[in-house]
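Here is a short note to read beside the model. Please keep the structure open as you go through the points.

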Amino acid sequence: MWSLPLVRHTDVPQRVTESFILSGYRFPNYSLRQCLASAFHPTNETGNFWTHFLPIFVFAFHFLEVFTWEGAPEPGSPFFYPFWNYFLGVLYLLLASSLAHLLNSMSLIIREICFFVDYGTISAYTVGSSLAYYYYIHPQAGIPEIGFEGQNTSQRKRLNADEETWNSASSPTLFQLFFESLYIPSTCLVAIICVLTCCNTRQRWRRYRYAVRTLVFLLPFFISSTPVFYRLLSPSANSTSASTPHLFCTMAAFFYRHCFWLVVSAIFNISKIPERFSPGNFDIWGHSHQWFHCCTFLSILDELQMIKVEMRALLLNPALVLSPVIPPRLSGPTFWSTYGIMVLLQGCIASIIALFGWQAYQIFAPEQKKLKGD
């Protein structure tokens, strides 16, 4: 089990091969035990596994740091509901990706299902991010009641007076109505479209599959990031951060770095550099998909820091959650508006995966029997 045979690209089914990766392949029909053992044996999937499995612990360390802040609510407080959903989205993404690379050699059918699940968790992550953006970075944040317990009477009077002023403001614009009514539904709809498209690339558009999968996730990025774009581009939104200019600048810096790492990861995923220029020399370590994983995680880490900056600003100055641009909502995050949305989305994604999994079974069952016979 510890000296597993590896084969070349000419000895495995064509759909198992990766561009410019010539050796280090695990032949289909590995047992579960053999797959787990391969995590400690150099194959062309070993680095793909560890570059998303080890970051789980790094992310968890930085995530849990929030609960040690002075004055932070209890971990189970509604204030943290969006943050926990963001954590679950990232956890699903990293865990599903690492396991997909580790277990995909069990059979052709399991390989397809592994990557269907992988695509589904990417979409769940984007919706988790959107929930965090909506409640922590949205111009009005939607958490007007946070921090009230520790405020003095004058602070409460100021906030109540501001709220009355904003409630008497002019009617909301279409842009404001988008945030209020369509932002979260739009991110969920786009997430489902992305899952459908990526799963389709397992059978169609295979020649351009990496480009299609990369480009298709530009749409959820732009949709989910609209609260950030608003904060960065709108002077009226930026004015809400006037009392904490350093924190706002830090948020912007983290977002730009988040975008930078996403662009670099996309370049690696599409270009297949460095193995494109030296086929066979990066089969085990250093090929593009490993760099893609590393850059993707760095983008997530900067995104986490950006969200934490906004959360700290809200905790330090609850008045920031009330924007002069958009009247505040009556209530903040609830169990159903956070966990409920994620559960509903996961149900839709699971149905899509089941559909494509059944199609994969019908397509690959005869070939799988032939491989076992051989």
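**Notes on the core, the annotated site and the salt bridges**

1. Phe 59 is in contact (heavy atoms within 4.5 Å) with Tyr 86, Phe 87, Val 90, Phe 297, Ile 300 and Leu 304, leaving aside neighbours within four places in sequence. Phe 59 is also among the residues with the most contacts inside the largest nonpolar core, which has 83 residues. Such a core is a set of buried Ala, Val, Leu, Ile, Met, Phe, Trp, Tyr and Cys residues joined through side-chain atoms within 4.5 Å. Helix α4 (residues 108-137) gives the most to this core, with 16 residues. Helices here are DSSP runs (H or I, at least four residues), numbered from the N terminus.

2. A word on the basis. This is a predicted model: local features need pLDDT of at least 70, side-chain atom pairs count only at pLDDT 80 or more, and totals for chains, interfaces and linings use all residues. Residues are numbered from 1 along each chain as its sequence is written, and side-chain values use heavy atoms, with hydrogens and water left out.

3. Which residues does UniProt list as "binding site"? The unreviewed entry gives His 101, His 289 and His 293. UniProt positions follow the numbering used here, feature names are shortened, and annotations may be inferred rather than shown by experiment. The three spread over 193 residues of sequence, yet cluster in space, with a largest C-alpha distance of 11.6 Å.

4. His 289 is buried at 17% relative accessible area; His 293 is buried at 1%. Buried means under 20%, exposed over 50%, partly exposed in between (1.4 Å probe, protein chains only). The side chain of His 293 makes a polar contact with that of Thr 51 (3.1 Å). That term means a pair of N or O atoms within 3.5 Å; within protein, one must be able to donate a hydrogen and the other to accept it, and residues adjacent in sequence count only if both atoms are side-chain atoms.

5. The whole structure holds six salt bridges. Each is a side-chain nitrogen of Lys or Arg within 4 Å of a carboxyl oxygen of Asp or Glu. In one of them, Arg 111 pairs with Glu 18, closest N and O atoms 3.5 Å apart. Arg 111 lies in helix α4 and Glu 18 in the segment before α1 (32-37), so the pair ties together parts 93 residues apart in sequence.

Methods. Helix = DSSP H or I, 4+ residues; strand = E, 2+ residues; numbered from the N terminus.
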